Amino acid sequence: MNTDMSTDMKTKVQRVAFLGLGNMGAPMARRLLGAGYELTVWNRTAAKAEALVAEGAAIAASPAEAVADADVVITMLADPAAALAVADTMVEALRAGTTWIDTSTVGPDTVRELAARLPRGVTLVDAPVMGSVDRAATGELVILAGGDTGGVDDLLAVLGTVTPCGEVGAGAALKLVLISTVIGGVALVAEGLRLGEALGLPEGLTRTALAASPVAGVVARAFATDAYFPVSLAAKDVALATATTALPVLEAVHTALRSRPELAASDLAALRM
């Protein structure tokens, strides 16, 4: 765990390009900037980069411009389509010796497709993360890394704790296992509360009992007030999992997520309502 944002940090890597400044990307980029990295940022909606530029980051007009002089490129993008689209516009600008760390949740098939597009001499690390915006801001993410992280260990330590997963694509695979289980758990907590209500139990009693049960961790995350996970992204993650193999419970969860479009931009914890 790394919560120290000392600007005295010495590192082999100096120039970092960060692409994707959404709810997760912005606090991750801010940690790198605070740790002394020379940071160039790009986001499809340029206005989202303004706060980081005010803090010292440079802004690029395109992904290719952002990565042209970078030692390390980090992407945090919404879905496979976004990751592949950005790759199309930047891969030819990547220099030999660059490491590309993709922290998006896109699944192992997309990671392998990204790897196949790399120019000679460029290394890809798939490093999706567990943890919401609260843990991104404090550098307490769990980083599920597939591939060789040897040259970027110091940088990743600014963002969280690395779990080595094996070859490229293994991090993306483990992320699907973990996030699908958590989403399914939150959905079950929501149904447990609904069942308690139907049985006439006070909500406080049901919630307290669930919090003291073997599913306590999921209950805590479902009710966290400093976490943010849009239902639309939860549905995307579960869809990646259910496309892999038969998962009837998660298929039902996916149907439930997709049936509530009014929550598309809301916290996943809203499922408990």
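## Two crossing helices

Helix 8 crosses helix 11 in a left-handed way, meaning that the near helix is turned anticlockwise from the far one by less than a right angle. Helices here are DSSP runs of H or I with at least four residues, and strands are E runs of at least two, numbered from the N terminus.

Helix 8 (residues 170-198) and helix 11 (residues 231-242) pack with their axes 9 Å apart, at an angle of about 125 degrees. That makes helix 8 oblique to helix 11; angles under 35 degrees count as roughly parallel, over 145 as roughly antiparallel, 65 to 115 as roughly perpendicular and the rest as oblique. On the helix 8 side, L176, I179, S180 and I183 meet A234, D237, V238, L240 and A241 of helix 11 (contact means heavy atoms within 4.5 Å).

## About the model

This is a predicted model, where local features need pLDDT of at least 70, side-chain atom pairs count only at pLDDT 80 or more, and totals for chains, interfaces and linings use all residues. Residues are numbered from 1 along each chain as its sequence is written, and side-chain values use heavy atoms, leaving out hydrogens and water.

## A parallel strand pair

Strand 5 (residues 99-102) pairs with strand 6 (residues 123-126) in the parallel sense, over four bridges; pairing takes at least two DSSP bridges. T99 has T123 in strand 6 as its bridge partner.

Conventions: Axes are lines fitted to C-alpha atoms, for helices over the stretch in contact, and angles run from 0 to 180 degrees between N-to-C directions.
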